[in-house]
Amino acid sequence: MGVKTHKPTTPTLRFQITSDFKEITKKRPVKRLLEPMRKTGGRNAHGRITSRFMGGGHKQQYRRIDFYRRDKIGVPAKVLGIEYDPNRSSRISLLEYADQKGAGWTATGHRGAQMVRSAGSWAIIQAKEGPLAHVKLPSGEIRLVHQDCWATIGQVGNSERKSTVIGKAGRSRWLGRMPHVRGIAMNPIDHPHGGGEGKSGQGNPHPVSPWGWHTKGRKTRNPNKYSNRLIVMRKGRS
């Protein structure tokens, strides 16, 4: 796995850095492990945009992944191939179990593999205390996790993904990312930062969202969330 650069034959390719996809061994996914996936365009059930700058993008199919592996504990398996998944940053592998009860896309397991799943990430067990373990996450946060939980030893693949460079606006549109407009470039009716003559400054005493909420450091986590008691140390602290 790695990245590749391109000859600057066009302005687009001059700074573009893409994955070389050398680790991919399967051309097509298994059809019975695919599901249709509809795009929301950032809209909720009422058709209102709740997440801005989402829309378009290439049509994709969801790959069903066995994140639980409840009935496959202790069963040896053989890797049949590694494939690209357009819905996640890491690669996925097709496994064939020794009991011959079918193949499935598998990944790390932690209550359905909910933590540390992005490309190149890993977590570290720092201490064990009673039934709980102190796990340091990639963000720097230290969280309590029950020792009966399952995990995979190693690092999630495609660690070179952070070195890629999109290179042109069109590639972002292929991924379903619409242009992110700066608030300072809008009119005052559209954003608190908008308006002014010429290239004026921000204007507000502090950066805010289009609805006047404090940004750049404002905490968004619910203070009454039940899992707050499992956090030993917040991210960004030492």
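A residue counts as buried under 20% relative accessible area, as exposed over 50%, and as partly exposed in between. The legends below apply these limits to a predicted model.

View 1. The structure holds two aromatic pairs, and Phe 21 with Tyr 84 forms one that is edge-to-face, with 5.9 Å centre to centre and 80° between the planes.

**View 2. Trp 211 and Trp 213 form a tilted aromatic pair.** The centres of the two rings are 5.4 Å apart, and the angle between the planes is 35°. Trp 211 has a relative accessible area of 55% and is therefore exposed.

**View 3. Two side chains, those of Lys 72 and Arg 117, are placed over aromatic rings.** The charged end of Lys 72 sits over the ring of Tyr 97, at 4.6 Å from the ring centre. Arg 117 lies over the face of Phe 67, and here the distance to the ring centre is 4.3 Å.

**View 4. Four strands make an open sheet in the order S9-S10-S11-S12.** The pairing in this sheet is antiparallel. S9 and strand S12 (231-233) are the edge strands, each pairing on one side only. Direction ignored, neighbouring strands of the sheet are turned by 30° against each other on average. Strands of a sheet pair through backbone hydrogen bonds, in either a parallel or an antiparallel sense.

**View 5. Strands S9 and S10 form a hairpin with two residues between them.** Five bridges pair S9 with S10 in the antiparallel sense. Across this pairing, Ile 125 has Val 135 in S10 as its bridge partner. In the turn, Gly 130 has a positive phi of about 65°. Strand S9 (residues 124-129) has six residues, of which the number buried is zero, so S9 lies largely in the open. Strand S10 (residues 132-136) has the highest mean pLDDT among the elements of the protein chain, at 96.

**View 6. Strand S11 is joined to S10 and to S12.** S10 and S11 run antiparallel and are joined by five bridges, with Leu 132 standing opposite His 146 in S11. These two strands form a hairpin with five residues between them, and Gly 140 in the turn has a positive phi of about 100°. Strand S11 (residues 142-146) also runs antiparallel to S12, to which two bridges join it. The bridge partner of Ile 142 in S12 is Met 233.

**View 7. Strand S8 (residues 103-106) has the lowest mean pLDDT among the elements of the protein chain, at 48.** The pLDDT is below 50 over residues 104-109, a stretch with 34 contacts in the model beyond near neighbours in sequence. For the protein chain, the average pLDDT is 89, and 94% of the residues score at least 70.

Terms used
Residues are numbered from 1 along each chain as its sequence is written. Side-chain values use heavy atoms; hydrogens and water are left out. pLDDT is the predictor's confidence in each residue, from 0 to 100. Contact means heavy atoms within 4.5 Å. Buried means under 20% relative accessible area, exposed over 50%, partly exposed in between (1.4 Å probe, protein chains only). Two strands pair if DSSP finds at least two bridges between them. Rings of Phe, Tyr and Trp (its six-membered ring) pair if their centres lie within 6.5 Å; planes under 30 degrees apart count as stacked, over 60 as edge-to-face and the rest as tilted. A charge sits over a ring if NZ of Lys or CZ of Arg is within 6 Å of the ring centre and within 35 degrees of the ring normal. Axes are lines fitted to C-alpha atoms, for helices over the stretch in contact, and angles run from 0 to 180 degrees between N-to-C directions.
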